Amino acid sequence: MKPPHKLRGNHRSKPKKTKPPHKLPGDWQSFFPSKQTRPQKEVSENWLGRPYPHDQSNHKCPMSNPTQPHMLLRKPDYDRPLSLCFSCKGQHVWGKRYYYYCPSCNLQFHRGCHVLPSEMKHALHPPHPLTLISLDPNLHTSKIPYQWSETPSDSEDDVDDNDDDLSHEADHNHDDPSDEKCKCCLRRLEHVYYHCSICNFSFNVSCVINPLPCSITHLKSHKHTLTLFPRRVSSPCDACGLSLNHTRDFFYVCLPCNYMVHKPCIYLPRVIKITRHVHRLSLTPSLPPGHFSCGVCRLAVDVSHGQYSCNKGCGYAVHSKCATRDDVWDGLDLEDIPEEPDEDIEPFVRIDEETIQHFTHEHHLKLQGKEGSFLHGGKRFCEACRLQISISDVLYSCEFYCDFLLHEACACLPRVKHHPLHKHPLILMILSPDSPPYFTYKAFISTYRPPCHVMFKCDGCRRRSTGFAYACAKKDCDFRLDVTCASLPDSINHESHDHTLYINLTYGECVGCKSTLCSDHYLECMRCKSFLGLHCATLPSLAHYEHDTHPLTLCYGEQGTTSGQYWCELCELKLDASEWFYTCDSCRVTLHVTCLLGKDMYMNPRHIIEARPRDVEITLNDGNTRPFCYRCSRRCVEPVVYKWDHEWFCTLLCAGGIRRGIFQR
């Protein structure tokens, strides 16, 4: 028998020859990382050892401590079905792709039940758990409403959720017979809410499923971290001055600084610009001692709390809530943005002492005196304000006799105006046909045809006009004012009232027409708490009547006058002396405001409104007989009438009734 073969020395297997890795020339190697340096995707494994991605979710366990919450894991149902849902006490539901699991609390939730568990701990009420109360017998928390969609980081990339039951109605009836309110938003309780039986108060579901952060760090507003204070106190907010108890927002505190602030007030802009003041405003924690009134609401400003004040030291202050209103502030934070000087663009170029070149006209305009020679031949109207020219007016007229007239005050109107009725700057322009949804018109029986104008509706007084407009140049903003409303200052002393009136963006019953639908904007008296609509506030104090040589004065009503004492000269009906009317003290002539000025006092005659299939002509109602309106079958008593084809209409409303939609804004 042969002995086993003995190996000589230490036997070592020869290493296999391997080719060296191919190296790319130059710096191309850096674009292709090797397997050792290439980052590996983290893939977790389930209890069966099968890998699956995206097990971590952004949802928190409802039974964990709100200050140190546990994050829920997402488990697919094809590995191990759900055994018992903590919320609805149900078992596995067929058709569900996954469910949620808390490894720390050892709790499982259906998809949907993790949003509305039957019991949960919440940061708004840390001492006791909250219990789900439902007045809707058809509520199933395992059915996900459309409003509770997954976050982008918690969505399935390769899973189609069309098989999930989404037929649950999420909109519940909010009419509760009880007067109990939510302790968070102070609104009436919904049909589904959370309740603490120990403390006897409740929270709406919308407040619970959108929890507030327990702490906020915002160094621009405060140097320390702010902590949520889940109770109501009657102290004022240090940023806005409003009570912390009577608002729907919870507040955050800094105990070392004794600082309390609403959550929205933390993110107030530092530097802003509003159209009510020429300079920028900065958010300041306090003001020097003195009396300050808010530039928006006219109420007193508390100097010990936050507000916006002028950077230039003008003594101008605004409440922080008033300054950041949507209709006051344009939404831009101008901190660290350099301030550009305002360019004052002149509306005309002066040729000599009496001649100018206005930007709206191609010819030179010459200053006319009060001799009234340019009025021979009929009524004339200003191209800007569309008011009738009188003998006593000083104006500019075209040297080439093309019927272009401008009041001296209208010729000097600024090109850019910052008006308190709008948050953006307004630009003086002749609107073009490219500004929908308005309708163009062209000059009629005129030597000079001006640039194509439009008929627009003023957003201040609701009157339609064919004159110049102050329009917002911002995209998707169609705010427009006629030159009369745009010339109103922030505060005005009107002849109809003894006190100063302010543009406060408030509304009420107009003292002129006794209506709450007078205008879109109103003037307010802070002493009387009365309102005057811009439709009545912009009525001219003096007007002219063709059958009277004297100017008529606007009378603001007479108290104690016997009914039927006055009669209107035009319509020959009784005139209510308690309402506004025009009168001549010398001739004792009285007229209704509408009869003298008409409903469309800013519509320029001798123009044509372009419409399809035929144009509508604007003409003066100065014939020997008054035509009958084709729509209402009444005599046309308005100073201006509209002619379409061979038919007459007394107002745009009647004309729009025949051609529906033409004159709608």
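Are Glu383 and Arg386 buried or exposed? Select both residues to begin the tour of this predicted model. Glu383 is buried, and Arg386 is buried as well. The two are joined by a salt bridge, in which the closest N and O atoms are 2.8 Å apart.

**The whole chain**

Display the protein chain as a cartoon before continuing. Eight helices and 44 strands are assigned to the protein chain. The chain has 665 residues, of which 45% count as buried. Among contacts with a separation of 6 or more, 52% are between residues 24 or more positions apart.

**Salt bridges**

The structure contains eight salt bridges. Side chains of opposite charge can pair when their charged atoms come close.

Select Glu335 and Lys220 next. Their side chains form a salt bridge at 3.6 Å, N to O. This pair connects distant parts of the chain, 115 residues apart: Glu335 is in the loop between helix 3 (320-323) and strand 19 (348-350), whereas Lys220 is in the loop between strand 11 (215-216) and strand 12 (226-229). Glu335 has a relative accessibility of 27% and therefore counts as partly exposed. Lys220 has a relative accessible area of 51%, so this residue is exposed.

Move to Asp327 and Arg325, whose side chains meet in a salt bridge of 2.8 Å, N to O. Asp327 counts as partly exposed, at 33% relative accessibility. Arg325 is likewise partly exposed, at 26%.

Now select Arg276, Arg298 and Asp490, which are linked in a network of salt bridges. Keep Arg298 highlighted. Arg298 lies in the loop between strand 16 (281-284) and strand 17 (307-310). With a relative accessible area of 18%, Arg298 is buried, because the limit for a buried residue is under 20%.

**Positive phi angles**

Most residues other than glycine have a negative phi. Arg298 has a positive phi, near 70 degrees. Lys529 is located in the loop between strand 33 (522-525) and strand 34 (530-533). The relative accessibility of Lys529 is 48%, so Lys529 counts as partly exposed.

Select Glu638, in the loop between strand 42 (616-620) and strand 43 (640-644). The side chain of Glu638 does, however, reach the backbone nitrogen of Lys599 at 2.8 Å. Beyond residues up to four places away in sequence, Glu638 touches Thr594, Gly598, Lys599, Asn621, Cys650 and Thr651.

**Aromatic rings**

Five aromatic pairs are found in the whole structure. Select Tyr630 and Phe649: their ring centres are 6.1 Å apart and their planes are at 75 degrees, so the pair is edge-to-face. The two residues are 19 positions apart and link distant parts of the chain, with Tyr630 in the loop between strand 42 and strand 43 and Phe649 in strand 44 (residues 647-649). Tyr630 is partly exposed, with a relative accessible area of 47%, whereas Phe649 is buried, with a relative accessible area of 1%.

Trp644 counts as buried, at 16% relative accessibility. Together, Tyr630, Trp644 and Phe649 form one aromatic cluster.

**Charges over rings**

Select Arg415 and Phe359. The charged end of Arg415 sits over the ring of Phe359, 3.7 Å from the ring centre. Then select Lys417 and Tyr470, where Lys417 lies over the face of Tyr470 at 5.8 Å from the ring centre.

**Two final stops**

Select Thr355, which is in strand 20 (residues 355-358). Thr355 counts as buried, at 4% relative accessibility. Apart from its neighbours within four places in sequence, Thr355 is in contact with Arg350, His364, Leu365, Lys366 and Glu399.

End at Leu84, in the loop between strand 4 (71-76) and strand 5 (98-102). Leu84 counts as partly exposed, at 45% relative accessibility. Setting aside neighbours within four places in sequence, Leu84 contacts Lys89, Gly90 and Gln108. Leu84 and Leu107 are 23 residues apart in sequence, and their C-alpha atoms are 8.4 Å apart in space.

Methods
Residues numbered from 1 in each chain as written. Predicted model: local features only at pLDDT ≥ 70, side-chain atom pairs only at ≥ 80, totals over all residues. Heavy atoms only, no water. Helix = DSSP H or I, 4+ residues; strand = E, 2+ residues; numbered from the N terminus. Polar contact = N/O pair within 3.5 Å; in protein donor to acceptor, adjacent residues only side chain to side chain. Contact = heavy atoms within 4.5 Å. Phe/Tyr/Trp six-rings, centres within 6.5 Å; stacked < 30°, edge-to-face > 60°. Buried < 20%, exposed > 50% of the residue type's maximum accessible area, 1.4 Å probe, protein only. Lys NZ or Arg CZ within 6 Å of the ring centre and 35° of its normal. Salt bridge = Lys/Arg side-chain N within 4 Å of Asp/Glu carboxyl O.
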